[in-house]
Amino acid sequence: VLFRSQSPCASIVSGCCNQIRSTQYAVITGGECNCNYGKHSFVGNGFCNFIEAPCSSIVGGCLNRICLTSDKSAIVGGECNCTAGSRNFIGSGLCNITCCDSSFVGGGTCNCAITDYSIVVGGACNKSTAIRATIVGGEQNTASGGYSFIGGGLNNCTANDYTFVGGGNGNQARCTSAVAVGGSANFACGNQSSILGGQGNTINDVACATISGRSEEHTSELQS
């Protein structure tokens, strides 16, 4: 079987074992074993890509999926990427997931943007789990505060609204508008508090406090 369409007003241009079923105005232009079940949806090429939602597109790659709830969404390429919310986008990469509405993953591996307007640009195993939270890159970072930002690094966390971690390793910004610019194992838990760098620095329950950064392996702590 070269290709098969079970719907009027649908087109399969070429390829092998591609299928459109009960869907108007759907298009598959090539590839192998692609399935397009979404009205006004498009599969360009690749292998075993699957669209259920209307007005959505998979350009290429393999084993990518746009679920029924993910209308007006797009996956450009990559492998085993999945989107399950409306107006979502995945650029490429491996095993990336977007959920809810208007979430974005640019690429990378095993990244998740699982709240409305959440963003992961790239990296590996990053999770954006709050509204308008952004992770640019790095690995195993978690942005769980609304409107929070992580630039990169490893195992960093923003856990409250408007928090910021620039990079580094194991840094946490846990109170509203707290900042940890870099370094390692720094813990900013005071509203509008800032740790600029160093290692093992801690701000506990002090608003507007700042630690400029130290290289010693001890805790610098401000307490009320």
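A salt bridge is a side-chain nitrogen of Lys or Arg within 4 Å of a carboxyl oxygen of Asp or Glu. Keep that in mind as you explore this predicted model, because side chains of opposite charge can pair when their charged atoms come close.

**Stop 1: the salt bridges.** How many salt bridges does the structure hold? There are two. Select arginine 65 and glutamate 52 to see one of them: their side chains meet with an N to O distance of 2.9 Å. Arginine 65 sits in strand β9 (residues 65-66), while glutamate 52 is in the loop between β7 (50-51) and β8 (57-58), so this pair ties together parts that are 13 residues apart in sequence. Arginine 65 is partly exposed, at 34% relative accessible area, and glutamate 52 is partly exposed too, at 23%.

Now pick lysine 72 and aspartate 71, whose side chains form a salt bridge at 3.1 Å, N to O.

**Stop 2: two positive phi angles.** Go to cysteine 95, in the loop between β12 (89-90) and β13 (97-98). Its phi is near 55 degrees, a positive value in a residue other than glycine. Cysteine 95 is partly exposed, with 32% relative accessible area. Next, select serine 102, in the loop between β13 and β14 (104-105). Here phi is near 60 degrees, again positive in a residue other than glycine.

**Stop 3: serine 194.** Finally, find serine 194 in strand β26 (residues 194-195). Is serine 194 buried or exposed? Its relative accessibility is 17%, so serine 194 counts as buried, since the cut-off for buried is under 20%. Show its neighbours as well: leaving aside residues up to four places away in sequence, serine 194 touches Val179, Ile203, Ala209, Thr210 and Ile211.

Conventions. Residues numbered from 1 in each chain as written. Predicted model: local features only at pLDDT ≥ 70, side-chain atom pairs only at ≥ 80, totals over all residues. Heavy atoms only, no water. Helix = DSSP H or I, 4+ residues; strand = E, 2+ residues; numbered from the N terminus. Buried < 20%, exposed > 50% of the residue type's maximum accessible area, 1.4 Å probe, protein only. Contact = heavy atoms within 4.5 Å.
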